[in-house]
Amino acid sequence: MVKMKFFGVLLLCLCYLQATRCQLLVDLARDFETTLLNNRIPDTTRFLPEYDFIIVGAGSAGCVMANRLSEITSVSVLLLEAGDQETFISDVPLTAALTQMTRYNWGYKAEPTENACQGLKGGVCNWPKGRGVGGTSLINFMLYTRGHRRDYDEWAAANNSGWSYDEVLPYFRKSERIGIPELYKSPYHGRNGPLDVQYTDYRSQLLKAFLKSGRDMGYDITDPNGEHLMGFARSQATIRNGRRCSTGKAFIQPIVRRKNLHISMKSWVTRLIIDPVTKTATGVEFVKQRQRFVVRARKEVILSAGTIASPQLLMLSGVGPADHLKEHNITVVQDLPVGFNLQDHITLNGLVFVVNDSTVNDARLLNPSDIFRYIFAGQGPYTIPGGAEAFAFVRTPSSSFAKDYTDMELVLGAGSLSGDRFGTMRNLLGITDEFYDTMFGDLQDKETFGLVPVLLRPKSRGRISLRSRNPFHWPRMEPNFMQHPDDVRAMIEGIEMILQLARSKPMVKMGTRFHDRPFPGCEHLKFASEEYWRCCLRRYGSSLQHQSGTCKMGPAADETSVVDAQLRVHGIRGLRVVDASVLPNVPAGHTNAIVIMVAEKASDMVKDAWRMRTTPLNS
């Protein structure tokens, strides 16, 4: 195991130095694990003509569904995934951005949008999405937050029975194995689930100042997944002993020997088979190794391909807006508003602060003492999830939401964009070299950290639609970020709250100073004015990659909904959608934890529908 970790960290260092060859090194990691560790997921190449359940997509939701449904030994389950299994190259939390340079990322790019991303590469937003067993949990920044109680109570109030906070909390707890001793007895956390949630062991002086500043500003130090969301907190993350705990590790690797579960990787689903007369989903069509397969489902097809691919597959299969399907000569099976209601959490990168204390940057990544501490003890700065050491959930001053409801997250980075010498973070965000050199060229030898505002309750809505009827073409992704004026207002107030935080006594005591160089393209405006920040958001505002809502859950009477409260597609039998696309409104949290909860709940719904429940849920 130590040799494996050493080899993995060595490959990561090589990736940083030879970024363009990173995929080659990932292939080397895969071959190493296959040959020496013999821990590959068995890849099904011979298929049964029928399975009880076919799950499309082995992302976070698909992994949970496969695990829970295959607990019933009398049923057969086929899990289809377009990508491969993960390797230890994705294990190191600090280097999460590096994994997004590999084939584990679909590499989506959104359409140009009027109010964001205009100054990024190509004038568009990067939308990294995971491709492999574990989905986006292979490449995300691992932060584990669930959102606010009101998020779920509002779902239930919209006639989505069973989705109130009190009703979904047991499913958060079911999946979780909390590794934070002071939370062992918390009624909000689980101890026996397969998904590890822990703190990193690393605690910088900057973290201590950040939390003390929160107290000085009148906020509590909280458990963001406990009774109250609002406040300052250390980052809780899906890590296990200093390594990423993806849903593949948590839910699939322990069960790969189950006889009733077949997993087929590198399998690209091209359409769902739906009988147009009975309006029943009967199976799927997919391509693997250049061969076309059709496999039937006796009970249900479960679509867990994600917020982008799930609506695309529905529309390719005749379920979607009738006029849009007709434009692409697709026979309409069911007219539904598939692809609308697209939501995302918005952010602005590049707010950098100089400080009189050591921070994390690319140069320090090659520090031998930190490398060996991580290899032999799973400790140190390499365990920081995506570099995010802490966060604050706050309410902007002009918010129209309830007083206890947070609409803004402030994320503390253990380093900053100025320390991205090798360009991995820039590549992820779409930041140009020109921007980096102009803004940070003279900061590379200075200690810096970043603070990032995140809009938690966006009012703007985008859309996923078909670009063509070719299933191998990306769909059209229209984000429409910050189209609603309240979103812009909240983001500007979030930036101002960050600057206020940086002026607090504990931060000033550390020598914190805002790097107040104007963003390129906005130099003509008065610095830090409302118009200046509008310009910065328009040019460099982007996505936190929490796309949701494109197959909205709601009652049949809701003309904007696609699935009901049981996640069954309206008007189609034998077909459910289980992923982030069903969220009516994106909660004020990081969506991986939320999607895992949705899948835990959905698996019980399926079991109940087919009378397969074996044990009651422990709440």
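Starting with a definition: helices here are DSSP runs of H or I with at least four residues, strands are runs of E with at least two, and numbering goes from the N terminus. I'm looking at a predicted model, where local features need pLDDT of at least 70 and side-chain atom pairs count only at pLDDT 80 or more, while totals for chains, interfaces and linings use all residues. Residues are numbered from 1 along each chain as its sequence is written, and side-chain values use heavy atoms, with hydrogens and water left out.

**Entry 1: helix α9**

I began with α9, residues 306-316, and asked how many of its residues are buried. I found that 11 of the 11 are, so the helix is largely enclosed by the rest of the structure. (Buried means under 20% relative accessible area, exposed means over 50%, and partly exposed is in between, with a 1.4 Å probe and protein chains only.) The buried list runs from G306 to L316 and includes T307, P311, Q312 and M315. After α9 comes G318, and I noted its positive phi, near 95°.

**Entry 2: helix α5 and its neighbour α6**

Next I went to α5 (residues 149-157) and α6 (residues 165-175), which pack at about 120° with their axes 8 Å apart. That makes α5 oblique to α6. (Axes are lines fitted to C-alpha atoms, for helices over the stretch in contact, and angles run from 0 to 180 degrees between N-to-C directions. Under 35 degrees is roughly parallel, over 145 roughly antiparallel, 65 to 115 roughly perpendicular, and the rest oblique.)

Who touches whom? On the α5 side I listed R149, Y152 and D153, and on the α6 side Y165, D166, V168 and F172. (Contact means heavy atoms within 4.5 Å.) Sorted by class, I get four nonpolar, no polar and three charged residues in this contact. (Ala, Val, Leu, Ile, Met, Phe, Trp, Tyr, Cys and Pro count as nonpolar, Asp, Glu, Lys and Arg as charged, and the others, Gly among them, as polar.)

Which residues of α5 are buried? I wrote down D151, Y152 and W155. Looking down the axis of α5, I see them fall within an arc of 85°, so they line one face of the helix. (The arc is that of the directions from the helix axis to the C-beta atoms.) A reminder to myself: an α-helix has 3.6 residues a turn, so residues three or four places apart point the same way. The cover over the buried residues of α5 includes α6 and α18. N159 follows α5, and I noted its positive phi, near 70°.

α3 (residues 60-69) and α18 (residues 591-609) pack at about 35°, axes 8 Å apart. Their crossing is right-handed. (A crossing is left-handed if the near helix is turned anticlockwise from the far one by less than a right angle, and right-handed if clockwise.) The α3 residues in contact include V64, M65 and R68, and those of α18 include V595, A599 and K607. I sorted the residues of this contact into nine nonpolar, three polar and three charged.

A588 sits in the loop between β25 (575-577) and α18. Buried or exposed? A588 counts as buried, at 0% relative accessibility. Leaving out residues up to four places away in sequence, I see A588 touch several residues, among them G147, D151, H345 and Y405. A588 and H148 are 440 residues apart in sequence, but I found them 6.0 Å apart in space, C-alpha to C-alpha.

**Entry 3: positive phi**

Most residues other than glycine have a negative phi, and I jotted down two that go the other way. M142, not a glycine, has a positive phi of about 70°. I placed M142 in the loop between β4 (126-127) and α5, and M142 is buried at 1%. R290 has a positive phi near 65°. R290 is in the loop between β12 (280-288) and β13 (291-303), and at 85% relative accessibility R290 counts as exposed.

**Entry 4: α15 and α17**

Last pair: α15 (residues 485-502) and α17 (residues 530-540) pack at about 105°, axes 10 Å apart. That makes α15 roughly perpendicular to α17. I listed V488, M491, I492, I495 and L499 meeting E530, W533, R534 and L537. By class, I get seven nonpolar, no polar and two charged.
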